[in-house]
Structure formats: structure tokens, C-alpha cells
Amino acid sequence: MLNYTLTIMNIENVSASHIHIAARGENGGVSIPIASDSFETVSDEVELSAEQLDALLSEMFYVNVHTSANPGGEIRGQIEFDVVSVDGGTPVHDWLFVH
């Protein structure tokens, strides 16, 4: 299961957003649709297939935000794994959107 929140700031005329599968700097097909119209913040929870989970854990997911001016993608960022804190010696993990 993947829970996400995507917030867009200082980008006008957002038309869609998706999660794609590909390595940093490469283009890949849409794997998870996020939004198909304008938004500022969107949150959802999606069930991941085995292929999608493998891609996420391998840091092969990226988010692409499309606008009317740049329908192929205004901005994109790889989703990377990070340890955000240590709780009693146990790492607590989170995901980062890196552009």
C-alpha cells in the first residue's frame, strides 16, 4: 500500500500528475495516475502490484506534473528512500520527492 500527498506550489495551469517508473533522467510510462485536472494538494492510498513495489523500493518511481504550457511535464522528481529519524535505535523510514 502506498499513501501519498502531493502539494503543488507556484505552478500555474496544472493539468495532470502521474507516478512513472524509470531511473533518474530516463522517461517511463505512467504507473499510477494521481490527478487528471488542476489541483493544489491531492492525497490518496493505492494498492501496489509486485512490479510497482519493486520499482518503489529500487527508487525507480518519479512524479511528473503536467501543465497546459508543458503537457509533456512541467516538473518531475524522483521518489527516494530516506531514514528520517531513529526511534529507540530503530530507523523510521520515509520517502522524499527530489527534483
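Q: What share of the 99 residues of the protein counts as buried, and what makes a residue buried?
A: Buried means under 20% relative accessible area, exposed over 50% and partly exposed in between, with a 1.4 Å probe and protein chains only. By that rule, 31% of the 99 residues count as buried. The model is predicted: local features need pLDDT of at least 70, side-chain atom pairs count only at pLDDT 80 or more, and totals for chains, interfaces and linings use all residues. Residues are numbered from 1 along each chain as its sequence is written, and side-chain values use heavy atoms, with hydrogens and water left out.

Q: What places F81 in a strand?
A: Strands are DSSP runs of E with at least two residues, and helices are runs of H or I with at least four, numbered from the N terminus. F81 lies in strand β6, residues 75-87. The protein has one helix and seven strands, in the order β-β-β-β-α-β-β-β from the N terminus.

Q: How many contacts between residues at least 6 apart in sequence join residues at least 24 apart, as a percentage?
A: With contact meaning heavy atoms within 4.5 Å, the share is 49%.
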